[in-house]
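Please keep the sequence and the structure in view while reading.

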Amino acid sequence: MTKKIVYFILLSLIIHTTDAGQTLTPINQPAFPAIIVQPEDQLVPVGSNATFTLTAQNASSYQWLRDDAVLIGATNNTLTIPHAGIADVARYSCEVFKGREPIPTRAASLMVYTDSTDPKTGLDPIVVYCTPVNTSGSQGICPGSYVGYAYYSKPPGWGWTPITGSTVFTASDTNRNNTKVEFIGYNGDSGCNQTTVTIPNPPFSPQYQFAVYFTNNVPTNAYGITLTGFNP
């Protein structure tokens, strides 16, 4: 019993001495960068420059990526794609560094468009190219089940504005015959059909967005939709 008491007293003294003698030294941890402004989606005419910009605090370096692949030499907070073409259509993101730990931005889409005069209608159809998304799902009767889609928006606004005085407003997939094309109006009107959809005349909404749904394999390259009767 005496040995146990002595042992307990010695152990208490050791613990007390250790606690009393400790000096807490703060460890300086590098603050992570804070992304203030994310890169925005871009829509430009073929041959024009496209610029992605971000704003970050406490950042020491940047690294831009195209579809998650590193872009050599793209190490500023701004990325410019000169003379953007169909081959440049992709999703661009940036890793913001403070030390060795990166903070990723959102992936911003680059879309490009061409325009020409349709000899049948005399209007200028726009062919807009975007990056297809490989994801499966189902949406009502139309488009029904799908394995991927291509979504066409118009940054920085909401969508495309119908041309005043026109009577033809269509969105068409001229690449395949087994897809479903959908339009969505700013005021909530929508429509879906295979290959081509027609917006009623006069249009119910001031602006429209579009999508192409793939029912089998999803394209791996930029995919175009033809818009007739809409302003670029």
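**From a buried ring to the cores of the chain**

Phe 214 is buried, for its relative accessible area is 0%. The model in which this residue is seen is a predicted one. Tyr 223 is likewise buried, with a relative accessible area of 5%. Both values fall under the 20% limit, and therefore both residues count as buried. A search of the whole structure finds 12 aromatic pairs.

Leaving out residues up to four places away in sequence, Phe 230 touches, among others, Asp 124, Ile 126, Thr 161, Pro 162, Ile 163, Thr 170 and Ile 199.

The view may now be widened to the whole chain. Its secondary structure amounts to one helix and 20 strands. Of the 232 residues in the chain, 38% are buried. The accessible surface comes to about 13300 Å², and carbon and sulfur atoms hold 55% of it. Among contacts with a separation of 6 or more, 64% are between residues 24 or more positions apart.

Strands of a sheet pair through backbone hydrogen bonds, either parallel or antiparallel. An open sheet of four strands shows antiparallel pairing, in the order E14-E19-E16-E17. Its edge strands are E14 (148-152) and E17 (190-194), each of which pairs on one side only. On average, neighbouring strands of this sheet are turned by 15° against each other, direction ignored. Strand E16, residues 179-185, runs antiparallel to E17 and is joined to E17 by five bridges. Glu 182 stands opposite Cys 192 in E17.

In soluble globular proteins, nonpolar side chains tend to be buried together. The largest nonpolar core in this chain has 24 residues, and those with the most contacts inside it are Val 128, Tyr 152, Trp 160, Phe 210, Ile 225, Leu 227 and Phe 230. At least two residues of this core come from each of the strands E10 (108-115), E11 (126-130), E14, E16, E19 (208-214) and E20 (223-228). Strand E19 gives the most, with four residues. Apart from this core lies another, of 21 residues, among them Ile 35, Tyr 62, Ala 108 and Tyr 129.

Ser 109 is found in strand E10. Is Ser 109 buried or exposed? Its relative accessible area is 18%, so Ser 109 counts as buried under the 20% limit. Neighbours within four places in sequence aside, Ser 109 is in contact with Asp 41, Gln 42, Phe 52, Ala 90 and Arg 91. Ala 90 is 19 residues away from Ser 109 in sequence, while their C-alpha atoms are 6.0 Å apart in space.

Ser 93 lies in strand E8, which covers residues 90-98. Ser 93 is also buried, with a relative accessible area of 11%. With neighbours within four places in sequence set aside, the contacts of Ser 93 are Gln 63, Trp 64, Leu 65, Thr 105, Arg 106 and Ala 107.

Terms used: Residues numbered from 1 in each chain as written. Predicted model: local features only at pLDDT ≥ 70, side-chain atom pairs only at ≥ 80, totals over all residues. Heavy atoms only, no water. Phe/Tyr/Trp six-rings, centres within 6.5 Å; stacked < 30°, edge-to-face > 60°. Buried < 20%, exposed > 50% of the residue type's maximum accessible area, 1.4 Å probe, protein only. Pairing = 2+ DSSP bridges. Axes fitted to C-alpha atoms, helices over the stretch in contact; angles between N-to-C directions. Contact = heavy atoms within 4.5 Å. Areas by Shrake-Rupley, 256 points an atom, 1.4 Å probe, with all protein chains shown as cover. Core = buried A, V, L, I, M, F, W, Y, C linked by side-chain atoms within 4.5 Å.
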